[in-house]
Amino acid sequence: MDRAGQIVGQGQPAVTQAQAWLRDGKILAIKRSSGFHLACDARNDEAIMELRCRKRRPAKPLAVMARDLEVANEICRVTAAEARLLLSPEAPIVLLRMRTGAGLSPALAPGLNTVGVMLPYTKLQRQLLASGVDVMGCTSGNRSGLPAVNSDRQALMELGQIADYFLLYDGSIEQLCDDSVTFVAAGQSQVIRRSRGYYTAAITIPVRADKPTLAVGGDLKNAFCLVLNNQAYLSRHMGDVVTVESKRNLIENIVTFCRELGVTPALVTADLHPGYYSGRIASQLAERFGAVRHPGVQHHHAHLAACLGENGLVEGAIGILLDGTGYGTDGQLWGFEVVVGNYANYRRHYQLAAVPLPGGEYAIRNPFVTAVAYLSFFLGRRGEQLALELFPQYPSEVALTKQLMAAGVNCPLSSSCGRLFDAVAAILGVCHHNTYEGQAPSELSSLVPWVQSFDSFIPMENVTSYPYIIDGAEINPAPLLEAIIADLLAGTEIANIAWRFHETIVSMVREAAALVRAATGLNCVVLSGGSWQKVQSYAPR
């Protein structure tokens, strides 16, 4: 069909026409059993840029669908373990290292050396890629910020300003489901986004819930969970809960999920953050189900317990919890926590020293603001001067940042690993603005030349970590910032500075874990939190 809903072709000629449109640089909305893909020729720069423009997605990486494993290996380095994952029944997107000169559009994943690759998993997809283009750039079938469309009619209404043509078939979409995203480390698959192919399987956990318990989750990258006895039923990836439509979509999916399992929750909980919509939804659902509303779970305790449960661990462990934002019990924004705990409780032993975050969300969207805060807070007047020299294009923003910090206005304290990555990425000139979550850390990590693939580690030689101070329970990054600035002013290659910075994060983690082991005798360590996905190349160590 065209944008007006007029039938252009039927049967096999429709597929043939769609192949011609892809070759001509057109954007197609392609129906699948669990939603729609927006797709175009992944080797066509103009088509990829037009897709980005129409979907208002300036930099967030797009996935690609390759005709077969041979094509996947032509565009990326594919290990045996990665090939098995690509060919598995789950058919997920697998993060792979791109080959230089492979002909993919650089606009697919700007600033990154990886791309998510999947193989066709429906007959229609295989027919479409059988001739013509051999690799499509793909993204989910939705307008930015809205849930995915779930019918032909809705697709024509909401995607008509994005897609040039629609490739449809007779058949309804019973359950919307995004593609799962994975990578391989040390020969083992790691799931980043758990959705199509994975979410229907329950996870057996080593503890039992004495009543049906619903965990609604948080606002970002939401997934909810229903626990029955010792079985955890996780939902598909629900996305961010930020719009009226996404909130309604979350509630409807939870109600349907519980109905299909034949269970009425007796206890409902969510993330502890007082400003999260998911917390309000949890309260609404508790009233609807006649359930007890649990006051909420601290974000990093949830990370610890989830990792324990997924790995079948019963006893407590040392938790190294690195992420972007997690609301702490003291009202601060946590995100670099070294704790000891179990399913029932936890205690922090070490954390990154907190820094004021001017403007809160504004600083998160603009890493250069976070960099100004780090420099000013930890290096004083010298840091303020360095901020002016490093960011001459933002004089008013630098001045306003300093004023907010001096007045203590709208400057929540953050000890987040993600914000430290943001600051260093901005200082090095890698990324000044986050147009998607984790952009600055992802681009910074892509500079580090330590691996040829996620499953093939190249040991470093003569690369040492930058200095830092563990003072009491705090890990102070002031010496780290001084050393990075010194290297930058001395003309050291940016990739080498990024390499040493990553090694410093690992050194901080290693030293803190050793100190906790010496104090507690614990030998088990669990790693959790979104920032580990940005330093995933270290997993083989």
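Which residues line the largest cavity?

## The cavity and its lining

In this predicted model, a search of the whole structure finds one cavity of 30 Å³ or more, and the volume of the largest cavity is about 40 Å³. Its lining is made up of Ile30, Lys31, Arg32, His37, Ala39, Met65, Gln125, Met136 and Cys138.

Three elements, β1 (28-32), β2 (35-41) and β7 (135-140), each give two or more residues to the lining of the largest cavity, and β1 gives the most, with three residues. Sorted by class, the lining of the largest cavity comprises five nonpolar, two polar and two charged residues.

## Strand β5 and its burial

Strand β5 covers residues 93-98, and because six of its six residues are buried, that is, under 20% relative accessible area, the strand is largely enclosed by the rest of the structure.

## The pairing partners of β5

Strand β5 pairs in the antiparallel sense with strand β4 (residues 76-77) over two bridges, and within this part of the model Met98 in β5 is the bridge partner of Cys76. Strand β6 (residues 114-118) also pairs with β5 in the antiparallel sense, over four bridges, and here the bridge partner of Arg97 is Thr114 in β6.

The pairing with strand β9 (residues 181-185) is parallel, with two bridges joining β9 to β5, and in β9 the residue Val181 is the bridge partner of Ile93.

Conventions:
Residues are numbered from 1 along each chain as its sequence is written. This is a predicted model: local features need pLDDT of at least 70, side-chain atom pairs count only at pLDDT 80 or more; totals for chains, interfaces and linings use all residues. Side-chain values use heavy atoms; hydrogens and water are left out. Buried means under 20% relative accessible area, exposed over 50%, partly exposed in between (1.4 Å probe, protein chains only). Two strands pair if DSSP finds at least two bridges between them. On a 1 Å grid over the protein atoms alone, a cavity is a set of points where a 1.4 Å probe fits but cannot get out, and a pocket is an open set with protein on both sides within 12 Å along at least five of seven lines; lining residues have an atom within 4 Å of a point. Grid points are joined across faces, edges and corners, and a volume is the space filled by probe spheres set on the points. Ala, Val, Leu, Ile, Met, Phe, Trp, Tyr, Cys and Pro count as nonpolar, Asp, Glu, Lys and Arg as charged, and the others, Gly among them, as polar.
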